[in-house]
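Hi,

Here is the structure I promised to pass on. Have a look at it first, and my notes follow below.

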Amino acid sequence: MAETPCSDLSKAEEILGRYPQEEPALIQVLQDVHRAYNYLPCDVLERVAEALEVPLAKVFSVSTFYKAFSLEPQGDTIVKVCTGTACHIRGAGQLVEELERQLGVGPDETTEDFKFTVKTVNCVGACAMAPLVIVGEKYFGSAKPARVSKYLTEGGADEN
Amino acid sequence: MRIESRDQFEALRKQSLEIETNRKQQVLVCCGTGCLASGSKEVAEAFADEIAKRSIDATVDLFVKSTGCHGFCERGPLVVLNPQGILYTKVKAGRVEEIVEKTLVGGEVIPGLLYKDPVSGERVEQYEEVPFYRHQVRVAMRNIGRIDPTDILDAIAQGSYSGVAKVLFEMSPHEVIGEVATSGQRGRGGAGFNTARKWQSCKDAPGERCYVLCNGDEGDPGAFKDRSIMEGDPHSVLEGMIIGAYAVQANEGWIYVRDEYPLAVVNLTIAIREARKYGLLGENIMGSGFDFDIKISRGGGAFVCGESSALMRSLEGKTGEPRAKYVHSTDKGLFDLPTVLNNVETWAGIGAIIERGGAWFASMGTERSKGTKAFSLVGKVKNTGLIELPMGTTLRHIIYDIGGGILKDRPFKAVQTGGPSGGCVPEELLDLPVDYEELTEAGSMMGSGGMIVMDDRTCMVDVSRFFLAFLEEESCGKCTPCREGLKQMLHVYGRIIAGKGQAGDLELIEKLAAGMQLGSLCELGKSAPNPVLSTLRYFRSEYEAHISDHACPAGVCRELTAFEIVEDGCDGCHLCYKACPVDAITGVVKELHVIDHEACISCGACLDVCPTDTIRTFPKHELEKAEVV
């Protein structure tokens with residue numbers, strides 16, 4: 001894996017300090033690591049495995065099992081298109097396509113400038129507003145393909 | 001601050017209730033995920049600013065409360081004015097000054113902000129009179145929209161934790177289980193297992209200690225009742241869990257919340273912190289000598305973790321793979337110790353059952369399914385949102401009386417219940433009374449209460465394929481029937497929607513489905529064929545049209561569908577021109593528009609925006625035929 005050789009491990013140490021050093025803490029630790037680094041860097045995973053006394057293979061297995069984790073660096077802003085049932089029948093697919101046209105990347109891909117990562121999520125539980133696009137922390141309900149560029153500007157601006 | 005006795009609790013409740021009743025004017029602003037997305041935070045802030053500005057006006061003792069989800073998310077942001085009982089919908093921050101001036105000070109109703117009934121066309125002033133609310137009976141959702149979820153005193157004023165006081169000081173664990181048994185309550189997560197029986201098994205199981213868990217991993221797409229409860233009334237969940245813990249004598253509990261529900265995590269965290277501060281959680285609750293504490297665990301975004309044994313593995317820090325069900329989690333659950341796992345809605349109902357009695361709860365509902373049930377009513381229906389109704393209510397009543405009928409008055413085709421494990425119920429079964437058994441007999445499932453209404457523009461083959469794709473992605477891969485069965489089924493569906501379906505494909509799908517039902521390890525795999533089988537049962541002709549006629553009757557499957565604008569209907573409004581993502585539509589305003597079939601990608605965006613309904617779909621192969629001629 002092409003990876004910057006060293007991550008700043010101090011953030012990881014700080015996170016590990018908050019939890020008991022045992023296996024049940026693994027997912028919580030990985031969630032915090034993901035938030036701090038915006039992905040799960042390999043060398044941090046090695047450190048987590050060592051600290052929690054869990055085999056690295058197991059850490060890797062958990063890291064790849066759950067959708068919330070990414071082993072690749074993510075863009076500054078995550079763009080999520082809800083593709084739950086209600087959004088699906090109200091045209092979520094068209095939103096994914098429009099994003100692909102605008103950003104040049106499909107689901108689970110990141111733009112070259114690392115500004116945006118596109119993701120599809122299986123229902124965010126706001127079905128009454130279907131279809132939904134979430135840019136950063138901002139929810140856009142009754143989303144329309146024609147407004148996608150507006151969502152990207154508004155939501156992306158909030159992040160910075 | 002810390003409550004040391006029952007008397008202290010009752011005093012605190014009385015005091016909180018007095019503050020509540022003494023407020024002359026209340027403004028309730030819904031701050032659930034739906035309304036927040038429509039800008040309700042700004043509305044609440046605008047009200048607060050407006051009050052600050054008018055603080056000299058002693059006649060209006062304004063109090064603004066940010067509440068949880070009222071359920072009517074589509075009309076958000078929602079504002080309720082009490083004691084008048086007025087509901088304003090789609091309120092923007094810019095209109096707050098006008099509301100304060102006209103309604104609160106002047107006592108005048110602003111008609112433009114009232115809800116307009118899509119059936120009668122009339123404006124409805126009172127919250128209680130809006131058809132969406134009028135038919136509901138709220139038990140699990142009793143306090144949502146009425147309390148500020150971040151204010152524990154507000155919740156206590158409305159009766160939260162009174163059930164805890166009652167069980168700790170008046171009832172034995174055995175009596176608590178007895179009361180829940182009388183209520184007949186069954187699990188609200190989908191399977192419908194009897195709550196009291198589950199608790200009793202856990203209590204009887206040997207083990208040095210036991211655990212109480214709350215399943216807030218609401219993964220079914222189209223369902224959001226648990227999100228609304230955790231966001232809007234986290235105290236009802238905590239109360240239920242404390243009562244359950246007392247019944248089985250557990251001292252530790254976890255709430256497993258979906259990663260996609262950030263606001264639920266925030267509000268639950270605040271609620272737990274507040275409850276600890278008041279001595280309602282932790283050691284020696286209300287001075288009774290009973291200890292119980294709750295932790296929150298955020299899920300990792302895996303659908304299968306909603307399955308009980310997978311959820312417990314995930315709590316242990318492992319991958320969420322289910323295990324075979326001959327081991328009951330009430331015997332060997334979390335860390336192989338006896339464990340009670342109940343759904344958010346189940347826990348939320350417990351406090352009310354204890355307070356008002358099991359018999360009261362059992363007086364509602366049907367013979368085998370007691371009480372009320374929360375549903376999220378979404379899809380192609382006019383009033384979308386969250387509702388709670390007695391079991392046994394018919395689908396027709398839900399969709400037409402509460403939901404207001406189908407969007408744009410199009411024909412109803414089916415309602416999908418139970419998420420990816422459920423099925424599609426057709427029009428001829430609209431009078432079906434909704435309970436666990438009736439839905440199962442119809443080939444569907446209660447699931448977590450999602451109801452997705454579909455109209456004639458929904459292709460049942462496409463919907464089934466959607467669920468298969470969802471499940472294929474979410475299958476944990478541990479057992480072969482589920483992992484491979486879904487993959488192969490999806491393969492066959494892929495060729496059907498591409499117009500390359502073969503004779504015998506439907507039989508092949510049914511064969512694969514039977515294998516998965518028989519051989520899968522957990523319910524995810526066993527129930528995965530439900531959407532497929534129910535659509536095959538009720539909408540077989542639609543499948544056959546795809547295979548033998550190479551046509552998608554609903555005009556959804558892209559490779560089979562072409563679009564054209566009907567000449568004498570188009571008024572040249574130009575909306576389709578703007579909506580087309582690939583510029584395949586030509587035409588100028590007020591003149592007939594034309595679709596270029598070469599450029600068209602059959603996405604249907606034009607059809608969705610056309611106000612005159614003059615865009616028609618037809619099978620794509622007719623285009624080729626026309627070219628040959």
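Let me begin with a sheet in chain B: it is open, has 5 strands in the order β12-β11-β15-β13-β14, and its pairing is mixed. (Strands are DSSP runs of E, at least two residues, and helices are runs of H or I, at least four, numbered from the N terminus; two strands pair if DSSP finds at least two bridges between them.) β12 (385-390) and β14 (423-426) of chain B are the edge strands, each with a single partner, so one side of each has no neighbour in the sheet. Inside the sheet, β11 (372-379) and β15 (450-455) of chain B run parallel and are joined by 4 bridges.

A word on the basis: this is a predicted model, where local features need pLDDT of at least 70 and side-chain atom pairs pLDDT 80 or more, while totals for chains, interfaces and linings use all residues. Residues are numbered from 1 along each chain as written, chains are lettered from A and ligands numbered from 1 in the order written, and side-chain values use heavy atoms, without hydrogens and water.

Now the interface. In chain A, 34 residues are in contact (heavy atoms within 4.5 Å) with 64 residues of chain B. On the chain A side, 16 of the residues touching chain B are nonpolar, 10 polar and 8 charged, with Gly counted as polar and Tyr, Cys and Pro among the nonpolar ones. There are 3 salt bridges between the chains, meaning a Lys or Arg side-chain nitrogen within 4 Å of an Asp or Glu carboxyl oxygen. One of these links A:Lys67 and B:Glu473, at 2.8 Å from N to O.

Enjoy exploring!
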